[in-house]
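Hi,

Here is the model I said I would pass on. Have a look at it first, and my notes follow below.

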Amino acid sequence: MTIAPLLRAIAACSLLALLPAAQGAEPVRIGLIAPFSGSFADYGKQMEGGVKAWQKLHGDTVAGRKVEIIMKDTTGPAPDVAKRLAQELVVRDKVDMLAGFGLTPEALAVAPIAEQAKKPMVIFNAASSIITTKSNYIARVSMTLPQISAPMATWAVRNNVRKVVTLVADYAPGIDAETAFKTNFIGGGGQVIESIRVPLRNPEFAPFIQRIKDAKPEAVFLFLPAGEQGVAFMKGFRERGLAQAGIRVIATGDLTDDHVLPAMGDATLGVITSFHYSMAHDSPENKAFLKAFAEANPGAGRPNFMAVAAFDGMGAIYEALKKTGGATDGDKIIGALKGMKIKSPRGPITIDPATRDVVQTVYIRKVEKVNGELYNVEFDKFAEVKDSGK
Ligand code: PHB
């Protein structure tokens, strides 16, 4: 036997040996941790809806590997539960990546596990600035509170708002929002006459709303985590006649999140917010997203920014897996995520290669009725905004 046919035979054998391996490749397992029950249940549901919308458009296989999502309910805010779930996902379920994270305290509790196990952790919402500094394996595709709040302050001073009371939820994202707003508002010549912090759980808004009324500001700047609290605040704001007293609401878009906006009613008309996503954003990518979300989640109602972040997070993970040829090694995946550009339903986004945090356009919007329904209508914007909190 001459050497050439021998080499050909060896090559054929090794090719054959590869085939069954590729066909029987293990799925890529992603552990999605978020609240799916309790007062923040909507966070998990929105994320699940976004994942389904992505897979509806792009399938459940990438780089020859099936993508399996294992969803876990923190019942949160419950950092201890989030931590235990992450441990179980890594050790028992052998996940390749962690994703989700609606609430900052839960993301912070899981960060050391991602770091130790070298598992990429893709944040679909949790938005206090510090999170991405807690492990080199964390990347964020949602937003940060400083990123959103600073443009609101800049817009307010440019539009002759001079005297403001701030009200934020008393935990890391709230403190971030208050700090960034104050720095930029006072830096621009505005005055913050009072800063109020309310508990994260079950705040009773009536006394705080009275304090705002008594302080007689031109506007109240607000950050509350998306959901029930915003509804409660706007109800109190209406009942105590703050609008009639000439007080405007300016807020991060968590307040008028697209999912709860219809339930908040006409008291929200004219509320100005800064945010990275509105359902009313006019682009082909957003139209495709809205259609896929509706088809993949019948009866779920409107998607919000958490659904979009989950959709983009899946997009980022698929793109990273394409780049690594299906390899899930933590360093390779994070390497692939750094500097990634995505055409999101919200507009173009980049994962900053230096910080692994999202860079994006922040829009100024106003609640208006379009065809009889309430929407956040974008009318101004700040391009390529980075997190300014670190
Ligand atoms: C957070 O806990 O990081 C968080 C939760 C809800 C939001 C924004 C931030 O709307």
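In this predicted model, helix 2 (residues 41-58) packs on helix 10 (residues 284-296) at an angle of about 105 degrees, and their axes are 8 Å apart. Helix 2 is therefore roughly perpendicular to helix 10 (that label is for 65 to 115 degrees). On the helix 2 side the contact (heavy atoms within 4.5 Å) is made by Gln-46, Gly-49, Gly-50, Lys-52, Ala-53, Lys-56 and Leu-57, and helix 10 brings Ala-288, Phe-289, Ala-292, Phe-293, Glu-295 and Ala-296.

Now to helix 7 (residues 206-215): its buried residues are Phe-208, Ile-209 and Ile-212, where buried is under 20% relative accessible area with a 1.4 Å probe, protein chains only. Because they cover an arc of only 100 degrees around the axis, they sit on the same side of helix 7. What do they pack against? The partners are strand 7 (163-169), strand 8 (191-198), strand 9 (219-223) and helix 8 (228-239). Just after helix 7, Lys-216 has a positive phi of about 50 degrees.

As for the record, an unreviewed UniProt entry annotates residues 27-368 as "domain: Leucine-binding protein"; such annotations may be inferred rather than shown by experiment. That span is 41% helix and 23% strand, with its end C-alpha atoms 45 Å apart. Helices (H or I, at least four residues) and strands (E, at least two) are DSSP runs, numbered from the N terminus.

Residues are numbered from 1 along each chain as its sequence is written, and side-chain values use heavy atoms, without hydrogens and water. Since the model is predicted, local features need pLDDT of at least 70 and side-chain atom pairs count only at pLDDT 80 or more, while totals for chains, interfaces and linings use all residues.

Cheers

Notes
Axes are lines fitted to C-alpha atoms, for helices over the stretch in contact, and angles run from 0 to 180 degrees between N-to-C directions. Angles under 35 degrees count as roughly parallel, over 145 as roughly antiparallel, 65 to 115 as roughly perpendicular and the rest as oblique. Buried means under 20% relative accessible area, exposed over 50%, partly exposed in between (1.4 Å probe, protein chains only). The arc is that of the directions from the helix axis to the C-beta atoms.
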